[in-house]
Amino acid sequence: VVNFQQGNFPKALDYYLKALKTYEELNDKNGMANVLVNIGIFYKDQGDYTKALDYHFKALKIDKYLLEQARQSGNSDKILQAKHGIAADLSNIGLTYYEQSDYPKSLDCYFKAWKIDEEAGNKNGIAIRLGNIGLVYEAQKDYPKALDYYSKALKLRQESGDKNLIAITFSNIGSLYILQNKYSAAYNYLYKALSLDG
């Protein structure tokens with residue numbers, strides 16, 4: 001991760017692959033899934049969407065396996081953990097499709113992730129998915145739907161009290177109003193975002 005953040009991409013990938021091999025030798029499925037996600041994000045950020053999807057789908061397969069194992073053992077904590085993993089995997093896949101402008105596939109992933117977050121009672125995850133769905137509708141210029149999902153995300157984030165996430169959602173809504181030439185409404189939301197940020 002450090003090498004990736006510093007722009008040492010070949011070295012970052014080398015360490016990710018070494019970590020993956022070690023987790024495979026240990027048969028540590030959670031570790032494998034986490035590293036596969038990081039490799040998928042690595043390839044997405046490099047613009048190699050085919051490889052990114054390949055790694056994200058591998059992580060999803062493992063997390064689905066972990067969910068099945070957790071259900072068989074009746075371990076509620078592990079069931080919850082696996083559901084969080086699956087929702088995050090679907091979200092990463094959705095983001096990769098979004099960056100390729102494949103909006104139907106992106107929405108499909110985000111809606112599936114949202115459903116899993118609801119089953120798991122993960123309000124933060126639900127807010128993230130709602131915001132992501134809003135972004136997809138915004139990209140498709142379906143501004144009423146985008147606003148609807150941003151507003152739903154905002155309500156959940158205001159309940160959580162996370163000022164950073166509230167500010168991001170205010171900013172998304174403000175930007176959406178700019179696209180519609182509704183500058184007074186845009187100003188109000190962007191000002192609210194700035195007020196929370198400062």
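Visitor: Which residues do ring pairs link into a cluster here?
Guide: Ring pairs link Phe4, Phe9, Tyr16, Phe42, Tyr43 and Tyr55. Keep in mind that this is a predicted model.

Visitor: How many aromatic pairs does a search of the whole structure find?
Guide: The search finds 14 aromatic pairs. One of them joins Phe9 and Phe42.

Visitor: How is a pair of aromatic rings described?
Guide: Two things are given: the distance of the centres and the angle of the planes.

Visitor: OK, what are the distance and the angle for Phe9 and Phe42?
Guide: The ring centres are 6.3 Å apart and the planes are at 65°. Planes over 60 degrees apart count as edge-to-face, so that is what this pair is.

Visitor: Where do Phe9 and Phe42 sit in the chain?
Guide: Phe9 is in helix α2, residues 9–26. Phe42 is in helix α3, residues 29–45.

Visitor: Is Phe42 buried or exposed?
Guide: Phe42 is buried, at 5% relative accessible area.

Visitor: Which helix holds Tyr187 and Tyr191?
Guide: Both lie in helix α10, residues 183–197. They are four residues apart, about one turn of the helix.

Visitor: Is Tyr187 buried or exposed?
Guide: Tyr187 is exposed, with a relative accessible area of 55%.

Visitor: Switching to charges. Which ring does Lys192 sit over?
Guide: The charged end of Lys192 sits over the ring of Tyr189, 4.8 Å from its centre. Elsewhere, Lys18 lies over the face of Tyr15, at 5.3 Å from the ring centre.

Visitor: Which elements give two or more residues to its lining?
Guide: Three are listed for the largest pocket: α4 (49–73), α5 (76–99) and α6 (103–120). The largest share, seven residues, comes from α6.

Visitor: How many residues line the largest pocket, and which lie nearest its centre?
Guide: The lining has 18 residues. Nearest the centre lie Lys64, Ile86, Leu90, Lys112 and Ile116.

Visitor: What does the lining of the largest pocket have by class?
Guide: Nine nonpolar and nine charged residues, with no polar ones.

Technical notes
Residues numbered from 1 in each chain as written. Predicted model: local features only at pLDDT ≥ 70, side-chain atom pairs only at ≥ 80, totals over all residues. Heavy atoms only, no water. Phe/Tyr/Trp six-rings, centres within 6.5 Å; stacked < 30°, edge-to-face > 60°. Buried < 20%, exposed > 50% of the residue type's maximum accessible area, 1.4 Å probe, protein only. Lys NZ or Arg CZ within 6 Å of the ring centre and 35° of its normal. 1 Å grid on protein atoms, 1.4 Å probe; cavity = no way out; pocket = protein on both sides within 12 Å on 5 of 7 lines; lining within 4 Å. Nonpolar A, V, L, I, M, F, W, Y, C, P; charged D, E, K, R; others polar.
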